[in-house]
Structures are given as structure tokens and as C-alpha cells.
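Subject: Handover of a structure and notes on it

Dear colleague,

Please find the structure below, handed over for your review. My notes on what was found in it follow directly after.

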Amino acid sequence: MAPPTIRPLALFSLCLTPALLLGGVALAQEPAPAEIVDQEPPVDFPKIKLTQVAKGMTQPLYGTAAPGQPERLYLLEKAGVIKVLELGGPRIRLREQPFLNISKKVSTRSERGLLGLAFAADYVSSGIFYIHYNNLEGDTILARMTVDPADRLRAHSESEEILLQQKQPWANHDGGELCFGPDGMLYLGLGDGGAANDPQNNGQKPGSLLGKILRLNVSGGVGSPYTVPEDNPFVGDNDFRPEIWSWGLRNPWRFSFDRETGDLWIGDVGQNKWEEVNFAPASSMGGENYGWRVREAAHLFNNKDPKPDVPLIDPIFEYRQGGPLNARSVTGGYVYRGSKIPGLHGWYVFGDYVSGQIWALKQENGELIDEVDLTPMLAGKSDRGAVPSLASFAEDAGGELYVMSLSDGTVYRIDADR
Ligand SMILES: [Ca+2]
Ligand SMILES: [Ca+2]
């Protein structure tokens, strides 16, 4: 991959302590001011706006569609509830009756909670879906569940099969994203375990699942454990857990595959200075080391560690923490592949949890070729950014994008502004 273009975005740092800070920690020092780069949209960039489609949720932090259900979006609440947003009909509405409620077995301390959901490709026939959450001990749990055959709008509460369990040394940096790749494999993002500065060096520890993206084969269906795909990059290397797809990650809270190209985009939350977005082309065979804790984004972070004997992949984009809105925790998004905003096609839309800012990037052959700050267009007169405590984006079956506020309990769709 060609060396990425790096451009600093934001300015100085402030203090923090949001209720849920996805991977951030207290400041060690104030980063020096950086230049603001020109982020004017290209002349042909579309006018867009946010349309509220749900409100009154309790800490929404993810959303996804189920294959075969074009008019539904499943929304996660941190405490362990999944709700259904009905997109069809004259009015979008949030079903009151939850699809799933496992709040009795979910820990919500710090960054813990129900963090991820992915539906099997054959969900309509199999009823299978996968969830990622922290149990009451704080352990990471990856589980398979099925829908209630008698009521397709409810999960079968007794159907849970735990596929993977991982001890969590601290309550933060638990990762979150769970999604199927274009290869039909299930990908799970786990953070470095938590605290600050990755004290256990999990990001660079091949024998740990922490600080990694995992790639699992769950095609065995109900009653079968996951298996390790034979073409995972470290299969046969005894130093590595074979589940590992890529490593050197701090907290890959949200990542996604471009549904048109299969490229992988990862938002990896930074420590005190730099937030980053990583890019792996669809042709990647895995094995990328994204550098943490040797580097924070493209910058040396820990010079005491022995130098890894593999190349470290720098982000395609990074931005400095701080700025007028206090950017501090990247929230990875999606490449827009919907049909309603043709001018947004091919742009990667992502944001910052703390500042509520939203940006868009465009790449060509793995090189950043353009960036746009969408915040002024989307925020209006708000001084809380475009979406305060921007926990996640979501993509519906048609590729339209949504974005949600953890603190406000609101969900918005990104629409053309005509
Ligand atoms: Ca943790
Ligand atoms: Ca990195």
C-alpha cells in the first residue's frame, strides 16, 4: 500500500469526562496547535442534512440491518436492549417492544455494554444473529442467538450460545464492532483491554486477542462453535492466536467494509493526541499491524518497546485531538453507497464521539485524495457539533446512513438537502 497522506485537522486540547468516553483518557500534556487545513467541500459536493428518525432511546450506540429485511433497522441500547426501527410505511417508527433485552446479564460500567450485532446472511431462513457484549464480570462475550420462530420480531431469549469469552483487565477499550465481511466471515474488534497507554502491551502481543480485529468462521450454524478460517494470516504461527486478522489496535470501536468494493475502514480511538482512520483494500490478506502502542496514529508513542520486526501501517487519515469542539475520540463510519444522495457516493463518512463533528474522506488506490468537514453544514447553529456524543453510524439495507447520539437518545438519517 502506498504511504498515506496525513493531514492534521483540529487545534488545541481541553479537558474531558463524558459519561462514556470511547477509549480516551485524561490528558498527559497539551498538544501544540496545528494548522487547520482547507476543508472546503468540492464544488460538486452535495448539500446534506440530518433528519431525526428516532428519539427517546436510552444510550443508542449501534445500528444494523438484517439481510432480507429492507425496511428495518435494528438499534442497540448500551444497557442490553435491541429495538426495531420500522423504515417502511408513511412514517418511520420505533417499535416499543424490544427485539431483545439482555440487560440483566450486561455490565454497563464505563465503556461496557451491548456493543455489537450482526445478522447471518441467511437470517430470513435460519433466524441466526450474533451479539457482542460485556457480561456482569466485564468479560467480552461473543454469542449466537436465534429469533423466536413464533414471533419474528423477538429474539428467542433462551437461544444464546457463547462462542467466545475474553477476560477484560479494565472496563474501557472493549472494542465493539461485530460485522460480516464480504467474504462471509465474522469480524470482531477488541480494544487493548483498557486503562491507559496499553500497560499490558496487548496491541503488540501476538498471543492476546486484545487490541486486535478477529476473523472467525461461524458458518456451522446453531450448535457449532466458531472455527478459524484456514486463510487467516497467522494460521500455523505458534506465537499468534490464529483468530487474529489484524493487530496493533487500541480501540477499534467502529469499523466497516465498503459494501461495493470490500475495502475495510477502521476508526481506531487514540490516546491523548491523535485520532486515526485506517484503510485496508479489499485485496488485503490480513496481518496488518496498525502500530499501537509503538505509535499513536503516525507518531511515535512508546520508544521503550523493542521495535517490531514487521512494518507498521500508518493511518490513511489522522486528526489532532482538541479544536474548538474538543475532538477526542474517533467514531468510524461507512462509505456511502446509498441511492438518495448520488454526490455522496464513495465518500467515507465518520465522526468524533466527543466533539460531535462529522467528516468525509475520499481515497483512491489507498491514498487520501479529499476530505470535507460536514459539521458546519449539519450542525446549523448548534455549538455541540453535528451530533453530540456521536456513538455510531449505521447503514440500512439500501446503504443509506444514520448517526446517533448516545446522550440525547436520538437517531438521525443523513439526507439530501434540496
Ligand atoms: Ca476493557
Ligand atoms: Ca495506529
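Strand 3 and strand 4 form a hairpin with 3 residues between them, and Gly 80 in the turn has a positive phi of about 120°. Strands here, like helices, are DSSP runs numbered from the N terminus (E of at least two residues for strands, H or I of at least four for helices). Strand 3 covers residues 72–77 and pairs with strand 4 in the antiparallel sense over 6 bridges; two strands count as paired if DSSP finds at least two bridges between them. One of these bridges joins Arg 72 to Glu 86 in strand 4.

This is a predicted model, in which local features need pLDDT of at least 70 and side-chain atom pairs count only at pLDDT 80 or more, while totals for chains, interfaces and linings use all residues. Residues are numbered from 1 along each chain as its sequence is written, and chains are lettered from A and ligands numbered from 1 in the order in which they are written.

Strand 6 (residues 100–101) pairs with strand 4 over 2 bridges, in the antiparallel sense, and Leu 100 of strand 6 is the bridge partner of Ile 82. Because 5 of the 6 residues of strand 4 (residues 81–86) are buried, strand 4 is largely enclosed by the rest of the structure. A residue is buried if 20 or more other C-beta atoms, placed from the backbone, lie within 10 Å of its own, exposed if 12 or fewer, and partly exposed in between.

Turning to the protein as a whole, its secondary structure comes to 2 helices and 28 strands. The radius of gyration is 20 Å, close to the 22 Å that the globule rule gives for 418 residues, so the protein is as compact as a globular protein of that length. The radius is taken over C-alpha atoms, and the rule is 2.2 Å times the number of residues to the power 0.38. Along the principal axes, the C-alpha atoms fill a box of roughly 60 × 55 × 40 Å. Buried residues make up 50% of the 418 residues.

The mean pLDDT (the predictor's confidence in each residue, from 0 to 100) is 91, and 91% of the residues reach 70 or more. Over residues 1–37 the pLDDT is below 50, although this stretch has 86 contacts in the model beyond near neighbours in sequence; a contact requires C-beta atoms, placed from the backbone, within 7 Å. Where pLDDT is low, the predicted coordinates should not be read in detail.

An open sheet is formed by 4 strands in the order 16-17-18-21, with antiparallel pairing. Its edge strands, each pairing on one side only, are strand 16 (254–257) and strand 21 (317–320). Within this sheet, strand 17 (residues 264–268) and strand 18 (residues 274–280) pair over 5 bridges, and Gly 267 has Val 277 in strand 18 as its bridge partner.

The largest nonpolar core has 104 residues, of which Val 349 and Tyr 402 touch the most other members. Such a core is a set of buried Ala, Val, Leu, Ile, Met, Phe, Trp, Tyr and Cys residues joined through C-beta atoms within 7 Å. Leaving aside neighbours within four places in sequence, the contacts of Val 349 include Tyr 334, Ile 358 and Leu 401.

Some backbone details deserve mention. Most residues other than glycine have a negative phi, and most peptide bonds are trans. Asp 198, not a glycine, has a positive phi of about 50°; Asp 198 is placed in the loop between strand 13 (186–190) and strand 14 (212–216) and is buried, with 26 other C-beta atoms within 10 Å. Asn 365 likewise has a positive phi, near 50°, but counts as exposed because it has 8 C-beta neighbours inside 10 Å. The peptide bond from Trp 292 to Arg 293 is cis, with omega near 5°, and Arg 293 lies in the loop between strand 18 and strand 19 (295–296).

With kind regards

Technical notes: Contact = placed C-beta atoms within 7 Å.
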